[in-house]
Amino acid sequence: MRVILLLFSLVALFSCAPSAPVQTAVAVADSLVVVTFGDTTKLYFRILTDDEAELTWDATEGKNYNTPGRYQHKGTLVVPSQITIDGKVYKITSVGDYALFQQRSLTEIYLSDGIRHIGNKALSGCDRLISMRLPATLEAVGVEAFARCKHLKNITLPDAVKEMGSGAMYDCKSLREVKIPSSMTVVPEELFSGCFSLKEVDIHNRVTTIGERAFSCCEQLEEVDIPNSVNEIKDGVFERCTSLRRVSLPASIKNIPSGCFYACRSLEKVNLRHVESISSGAFVLCSSIREFNLPEGLKAIGEYAFASCEGIEEMRIPLSVEYVGDEAFANCRNLKDIYLLRIKPIKIDSEMAFPPEPCRINIPKGSIDSYQFTAKWKKFNYREVKVGEK
C-alpha cells in the first residue's frame, strides 16, 4: 500500500510540471540563435562552448533590452534544458543578464534542471509573475535578478545556491516567506529590501554575514532569529521593519551597526548582552522599547544611537563605556534619569552628548567636582547618588 501511495505521489508531482517545449525551427540572427518552440514561442540563445548555451535577449548591436519590438511572453514559459542546432545538442546552463527583463505578461516560469547561473536583472520587473520554478542545479543568482516581481508570493531557493547578488529579491512586495539556501554564507545587501509582505525568514547556521539593508522595509516581519554562526550584521539591516517585535542576537555579534533598527517602532526587546559598541543611529525611533539593559563590556555609544526612543525613562551607562556621541539620547522625551557609574567623566565630543534639563545626570557621590571642572561637562543637571541608588 505504501509503495502504491509513493508511486501515486510521484506521478502527481511530475504531472504538475510543464512538459518540455517542442523545438520546431532554428535561425541565426546577428550572432544569436533564434529557436522557435511550438507555433509561436521564440527564445534567443548565445552559444557559450561546444556544448553549452545561454538564454539571452533579442538585442543586436546598437539595440538594448527596451527595444519597442522586443518579444513578449504571455502566461507560462518553460525554458528547456537543451536545444539542437544542425543536429548538435547544446545544454542550457545559464539565463543571461536581462534575458527576460520586464516581461510583464509572464505569469509562470519553469527553468529546467541544468541551469547553473541566472544573470543580473534576468527576470527583474516581471510584475505579473506569480510562480517561479528554479532548477535544483542553480548555483548563482545575479544582481536584482528577481527584483520587482511584485506578485510573486513564494519562491524556493535551491540548496545548491552559493551566491546571490545584491537586491536579488528587491521589492518583491508579495513574498511571504523564504529560506536562505544552505550553501550560502553571506546574505547580500538589500537581498529582501522592500519585501513588504515577508513574515518568515529562515537563516541557517552557516551564514556568517548579513549585508547592508538586507531586510529593510520588510514591514510585516515580526520576529528574527539570527544563528550563532553570524559574526557580522551591517548597516541598516532591519531599518523600517515597522512590525518587528523581537530579534535574537547571538553572542558573536559585538557591534550594532549604524541604522540597524532605524524606525523599528514595534521593537520591544533586543538582547545586547555581548555587544561592545552601538553605532550611530542604531535605535532611532524605536519608540516601543521601555528599557535598554546595556552590558558591562560596552565601550562606545554612537551619535543619535537612541534618538527619539520615547519609551525610555532611565538609562544606566556601564563603567566600561569610554565614549558617547553627540545627541545619543536626543528627543527621548520621557527620559528622566541617566546614571553614570564612573567617578571621572567619559569622553564626549560636546555638551550635546546628553540631554539638558529636565533630564538628570546621576553621578557617584563625591564626583561632582570632577565633572563640573571638566571641559564639555559643565552645564548638565547633576545629582550625586550612591552607586546602586535611584
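## Overall dimensions

The protein has a radius of gyration of 28 Å, whereas a compact globule of 390 residues would have one near 21 Å. The model is a predicted one. Taken along the principal axes, the C-alpha atoms of the protein fill a box of roughly 95 × 65 × 30 Å.

The secondary structure consists of two helices and 29 strands. Of the 390 residues, 47% count as buried.

Strand β5 (residues 75-79) pairs with strand β8 (residues 106-111) in the parallel sense, over five bridges.

Strand β6 (residues 82-85) presents two faces: I83 and I85 lie on the covered face, and Q82 and T84 lie on the uncovered one. Its pairing with strand β7 (residues 88-95) is antiparallel and extends over four bridges. T84, on the uncovered face of β6, stands opposite V89 in β7.

Two residues lie between the strands of this hairpin, and D86 takes a positive phi near 50°.

## The three-stranded sheet

Strands β14, β16 and β18 form an open sheet in the order β14-β16-β18, with parallel pairing. β14 (186-187) and β18 (232-233) stand at the edges; each has a single partner strand, so one side of each is left without a neighbour in the sheet.

Strand β16 (residues 209-210) pairs with β18 in the parallel sense over two bridges. Within this pairing, I210 stands opposite I233 in β18.

The loop between β14 and β15 (200-202) contains C195. Buried means under 20% relative accessible area, and C195 is therefore counted as buried, with a value of 0%. C195 and N231 are 36 residues apart along the chain, and their C-alpha atoms are separated by 24 Å.

## The four-stranded sheet

A further open sheet has four strands in the order β24-β26-β28-β29, and its pairing is parallel. The edge positions are taken by β24 (314-317) and β29 (382-385); each of these has a single partner strand, so one side of each is left without a neighbour in the sheet. On average, neighbouring strands of this sheet are turned by 25° against each other, direction ignored.

The partner of β24 is strand β26 (residues 337-340), and the two pair in the parallel sense over four bridges. Among the paired residues is I317, whose bridge partner in β26 is L340.

## Strand β27 and residue I348

Strand β27 (residues 347-348) contains I348. With a relative accessible area of 4%, I348 is buried. I348 and D326 are 22 residues apart in sequence, and the distance between their C-alpha atoms is 7.3 Å.

## The largest pocket

Rolling a probe the size of a water molecule over the atoms shows where empty space is left. The largest pocket holds about 260 Å³ of space. It is lined by 18 residues, of which F329, A330, N331, P355 and P356 are the closest to its centre.

By class, this lining comprises 11 nonpolar, two polar and five charged residues.

## Cavities

The model has two cavities of 30 Å³ or more. The second largest cavity has a volume of about 30 Å³. Its lining is made up of L249, P250, I253, N271, L272, R273, H274 and V275.

By class, five of the residues lining the second largest cavity are nonpolar, two are polar and one is charged.

Notes. Residues numbered from 1 in each chain as written. Predicted model: local features only at pLDDT ≥ 70, side-chain atom pairs only at ≥ 80, totals over all residues. Heavy atoms only, no water. 1 Å grid on protein atoms, 1.4 Å probe; cavity = no way out; pocket = protein on both sides within 12 Å on 5 of 7 lines; lining within 4 Å. Points joined across faces, edges and corners; volume = space filled by probe spheres on them. Nonpolar A, V, L, I, M, F, W, Y, C, P; charged D, E, K, R; others polar. Buried < 20%, exposed > 50% of the residue type's maximum accessible area, 1.4 Å probe, protein only. Pairing = 2+ DSSP bridges. Axes fitted to C-alpha atoms, helices over the stretch in contact; angles between N-to-C directions. Rg over C-alpha atoms; globule rule 2.2 N^0.38 Å.
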